Amino acid sequence: MYVLGLLGSQRPDGVTAQTLKAVLKGAAKTAKVELINLNDYVILPDQPSQHNSDLDLIENKLLKADVWVLAAPTYLGGLSGVMKNFLDCMRNRIARFNAVGEAVPDRFKNKHYVTVTNCYVGSVENMVTGMTDAAFKTMDKFLTMGGLIKIREIVVTKTFGMSQLSAKKQSECERVGQKAVQRKERDDNTMKRYVELFLMIAVMALITMGIEAGIGQLIPLQNFWAYYGVFVIVFYVLLASILHFFTVVKHRRH
Ligand SMILES: Cc1cc2nc3c(=O)[nH]c(=O)nc-3n(C[C@H](O)[C@H](O)[C@H](O)COP(=O)(O)O)c2cc1C
């Protein structure tokens, strides 16, 4: 197993670097690890008939690595420029593009990844405003284009004036790194997803019936079609909220 960490922060020894090093430290117990600071490379977009040696070098390391750890701070509510520039320049290499420009995963498919970001705001403010969401989303968008499989996100909040990672965060990151290298080559979560779906429907049906019982106290719902109509509406609202949460806003924020 080989774990490659990519650092996209302005500070080589800041919070982002420490977080990345902690993940790699955990992974190093059983795997070979390497950290690349993107600032040390000249990262430019590919141009016809021009060598792009630094990007070639990083691409080769990415091909060899089983797990990628992308670590970049949140700057101005988005992904740091250093990391964003790297993703933009790598975009044409992360996947094959078909005749209509759609990304088709190929060489990086089924590798695994961990993403890391941080912010000055505290966990409650991050929970409410989703300050770090955009950084995660940008990294996820790029990585899923390549068919990579996500393992975990790590967030560090309240970084203003922070010179060292807390002992709790340090051990959380080491644990993530340690677990990341124990992954199977391919993930088959089909069974897990069916069980989750079953539980989700069971809980939602229970909540819906509870709400209906409450509504039934106010308006009569003995008629089959009235009961059915209210059930469909309440169930739909709950389902839409849950799907929105899981597909749009679900990012680690503390
Ligand atoms: C240019 C710049 C912009 C930043 N923008 C934000 C921001 O919009 N929101 C926020 O909560 N933190 C912001 N931060 C804090 C960073 O997200 C980060 O937590 C901090 O720089 C620590 O990372 P580092 O030690 O790796 O540099 C910013 C920092 C810098 C240097």
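Select the ligand first: the space that it takes is the second largest pocket. A pocket here is an open set of points on a 1 Å grid over the protein atoms alone, with protein on both sides within 12 Å along at least five of seven lines; a molecule sits in a pocket if more than half of its atoms lie within 2 Å of the grid points.

This is a predicted model, in which local features need pLDDT of at least 70 and side-chain atom pairs count only at pLDDT 80 or more, while totals for chains, interfaces and linings use all residues. Residues are numbered from 1 along each chain as its sequence is written, and side-chain values use heavy atoms, with hydrogens and water left out.

Next, select the shell around the ligand. It holds 16 residues, and the closest are Arg11, Val15, Thr16, Thr74 and Thr159 (a residue is near if one of its heavy atoms lies within 4 Å). Eight residues of this shell are nonpolar, seven are polar and one is charged.

Now display the backbone N and O atoms. A backbone N or O atom of Thr74 is 2.4 Å from an oxygen atom of the ligand, and for Val15 the corresponding separation is 2.7 Å. A polar backbone atom of Tyr120 lies 2.9 Å from a ligand oxygen atom. Which elements give two or more residues to the shell around the ligand? They are α1 (15-27) and β4 (74-75); helices have at least four residues and strands at least two, taken from DSSP runs.

Finally, select residues 194-219, one of the spans that the unreviewed UniProt entry lists as "transmembrane region". This stretch is 96% helix and 0% strand, and its end C-alpha atoms are 36 Å apart.

Key
Polar contact = N/O pair within 3.5 Å; in protein donor to acceptor, adjacent residues only side chain to side chain. 1 Å grid on protein atoms, 1.4 Å probe; cavity = no way out; pocket = protein on both sides within 12 Å on 5 of 7 lines; lining within 4 Å. Nonpolar A, V, L, I, M, F, W, Y, C, P; charged D, E, K, R; others polar. UniProt positions renumbered as here; feature names shortened; annotations may be inferred.
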